Amino acid sequence: MQYIDTTIPGNNGALARFTGYVPDNSEEIVPDRLRPTVLIIPGGGYSRTSDREAEPIALQFLPADYNAFVLRYSCAPSVYPTALVQVAAAVQMMHDHAREWNIDTNRIAILGFSAGGHLAANFATTAGDDAIREQGYDPDALRPNALMLGYPVITAGEFRHDGSFRMLLGDNYLDPTLMHEVSIEEHIDEKTPPVFVWHTMTDDCVPVENTLQLIAACHAANVPIEAHLFPQGGHGLGLGTAMTGWGGTNGIEPAIQSWPTLALDWLSRTFA
């Protein structure tokens, strides 16, 4: 197993931390195996990156023979598009080291949670293409083959998670052009990869309407989407188990614990 741990620069000297778990190939089994790969983008309202949505999530994919990477992107006071460009740099790094890290570049998924879900969707759709292109990256060449989201921030409209957009845009919060640019449901088109998303109906932080608007936009654009709306559970649950809980029964929610299995099943069909 290789453990990758490096930094990725951003605007104004901001640095992101890029870590990864890369299983070794075996001469006894398939010495030249190329694996599907997932890049995990934690949430945290663009003010931090949550531990609950980082390594514990990566460890769910290793037994299924995936490479798993985590990007701890720059948050406030860094503002848009710093984190977005860091995602592009991370995916570019994955392409550049594909042979060394046994990455199948035709089977790369991005998995984002909450505000990290917004960041993942911003990168995977055409919403951030201009900002990415301005920094010298080709968004079409780097676009992932699958997009997975957990309780994502999607809309900058009526049902927005206000705090995330305040942190993301800083002094430019409520600028009409930028608010349109970062409202993901307005940028779903034929370039959007297949989507897997889950949310709880009782999320009291990021309203489920974010995911409902995503579903509607994907349906209108004929983008394949699998959505799971669980009947109960709060926000930021991660795995919904003691592994990502925060003491006692806090964060333990049996209703959502099936999502990693559902996601892996979906990926196996999407990457078939």
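## Helix packing

Angles under 35 degrees count as roughly parallel, over 145 as roughly antiparallel, 65 to 115 as roughly perpendicular and the rest as oblique. In this predicted model, helix α2 (residues 82–96) packs against helix α3 (residues 115–124) at an angle of about 65°, with the two axes 10 Å apart, and α2 and α3 are therefore roughly perpendicular to each other. Axes here are lines fitted to C-alpha atoms, for helices over the stretch in contact, with angles running from 0 to 180 degrees between N-to-C directions; helices are DSSP runs (H or I, at least four residues) numbered from the N terminus.

At the contact (heavy atoms within 4.5 Å), A83, L84, V87, A88 and V91 of α2 meet L119, N122 and F123 of α3. These residues divide into 7 nonpolar, 1 polar and no charged.

Helix α3 is mostly covered, with 10 of its 10 residues buried (under 20% relative accessible area, 1.4 Å probe, protein chains only); among them are H118, L119, N122 and F123.

Leaving aside residues up to four places away in sequence, V87 touches L39, I41, L71, I110, L119 and F123.

## Basis of the values

Residues are numbered from 1 along each chain as its sequence is written, and side-chain values use heavy atoms, leaving out hydrogens and water. Because the model is predicted, local features need pLDDT of at least 70 and side-chain atom pairs count only at pLDDT 80 or more, whereas totals for chains, interfaces and linings use all residues.

Definitions and conventions
Helices (H or I, at least four residues) and strands (E, at least two) are DSSP runs, numbered from the N terminus. Ala, Val, Leu, Ile, Met, Phe, Trp, Tyr, Cys and Pro count as nonpolar, Asp, Glu, Lys and Arg as charged, and the others, Gly among them, as polar. Buried means under 20% relative accessible area, exposed over 50%, partly exposed in between (1.4 Å probe, protein chains only).
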